[in-house]
Each structure stands twice: as C-alpha cells, then as structure tokens.
Amino acid sequence: MKVTIIGGHGKVALLAAAQLAQRGDTVTSIIRNPDHITDIAATGATALVLDVENATATEMAEAFAGADAIVWSAGAGGGNPDRTYAVDRDAAIRSMNAAEIAGTKRYVMVSFLTAATEYLVPLDDPFYPYMAAKIAADEHLRASALDYTILGPGALTLQEPTGRLKPNPDPASDTSTSRANTALAIVAALDEPASIGRTINFSDGDVPVAQVMAEGN
C-alpha cells in the first residue's frame, strides 16, 4: 500500500509511518520544515516538503499522485486562532478536495474524541477555535465522496502501546489514549474495510485495536 501522511513529523505520524514502513508499505510523509527530513527517513518513510497551510488543492493533489490512502495527522498546535483555522479546518478541507482530484479515495482523519457540536465550548474559550476547526473539517469529510474513517482518540499520552482500546468512552471519564495506540489505530483502519464511513472514538482499553476498527462503537 502507498500511504501519504500529512503532518508527518507529529508524534503519532512518526509512529504510524514506522509501523507502515516496517511491514513493507510505501510511506510518504509530508512535512513543512526541511530540518525534519532526517527524522522522517529514520522511520523508513520518504519526506516530502510541502507547506499545506499555503498549498493549493492542485498542489496537494500533485503530492498525492499514486497514493492509495491519505492520512491527515497535521495540526497548527494551538495558540493562534487564525492559524488554527488555516490548518485544522481550511488546509484539511483542501486536502480532502485534493484527494478527490488525485483519485485517492481512502482517507483517514485523526480527529479527537469530543469533536462534535454537542461538546463545543463557548466562543470565548481558548479551545474553541481548535474544536470548531476540527468539527468543520470532519463534517466536510463526512459529506465528501471519499472512503473515510475519522479516528477520535481521547487525551493523548506518551505511554507505551498496549494494542487495546475502549470504543466510545464516556468523555467525562479517564480518556487517556496512548499516541502509540492511536498510530496502531491508523494502521488498523487502513487495513479494515469495515471502518470506512465511520467515526470511531476510543481511549486506551481492553479491546484489540483491530476488533475496534472492525466492529465500531
């Protein structure tokens, strides 16, 4: 499988790229900073330098050429509302349009557990721009013609992977989710046709990752 990961230098993306490359998939990791090329190479992936915040859909489509699947694991990192909207909403939506232009139907979005209007914080909350941006991007993806999977991990940690998840956890509970388990979820979603067209929310738990991707919430 040829997989293109957007936001390739993120912690989850680096782990996912290594897992995919190790099993023999061809991975292209899109990054903004050329200083990160060495880190990408260490995962077994090939780095492609492209600033998705400013790239057009056509430019992204050219970068996606030949890919079997796109994984969005990018983010502005918070702090600047304008840039949050520019990356987490606008660039994400352009990447979906680009995938359609490129003819790459499979698209996996790394979102977060409470990316839904029912959980949206007040407008004056610092977290509002990120939530609103991700919700808008996810809604665009659901309305697209892409074979999508939206992954909604809980509060991300640096814990070691367990390979086991809790599907559809209560957001008011402990939603700790290992980044390594999230990377495993990306790989499992790419392998599981039953994950297409679904939003799969999870935290660390007791159910094997592959089973969660196959059975849903």
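Student: Which residues of helix α6 are buried?
Tutor: This is a predicted model, in which local features need pLDDT of at least 70 and side-chain atom pairs count only at pLDDT 80 or more, whereas totals for chains, interfaces and linings use all residues. Residues are numbered from 1 along each chain as its sequence is written, and side-chain values use heavy atoms, leaving out hydrogens and water. Buried means under 20% relative accessible area, exposed over 50%, and partly exposed in between (1.4 Å probe, protein chains only). In α6, the buried residues are Ala 180, Asn 181, Thr 182, Ala 183, Ala 185, Ile 186, Val 187, Ala 188, Ala 189 and Leu 190.

Student: How far does α6 reach from its first C-alpha to its last?
Tutor: Helices (H or I, at least four residues) and strands (E, at least two) are DSSP runs numbered from the N terminus. Helix α6 covers residues 179-191, and its 13 residues have an expected span of 18 Å at 1.5 Å a residue, a span defined as 1.5 Å times one less than the number of residues.

Student: With which residues is Leu 190 in contact, leaving aside its neighbours within four places in sequence?
Tutor: Contact means heavy atoms within 4.5 Å. On this basis, the partners of Leu 190 are Met 1, Val 3, Leu 20, Ala 69, Val 71, Arg 106 and Val 108.

Student: Which residue has a side-chain oxygen that reaches the backbone nitrogen of Ala 180 at the start of α6?
Tutor: A polar contact is a pair of N or O atoms within 3.5 Å; within protein, one must be able to donate a hydrogen and the other to accept it, and residues adjacent in sequence count only if both atoms are side-chain atoms. The oxygen comes to within 3.0 Å of that nitrogen. Its residue is placed in strand β9 and is buried, with a relative accessible area of 1%. The residue is Ser 178.

Student: What is phi of Asn 168 near?
Tutor: Asn 168 lies in the loop between β8 (164-167) and β9 (177-178), and its 46% relative accessibility makes it partly exposed. Its phi is positive, in a residue other than glycine, and is near 50°.
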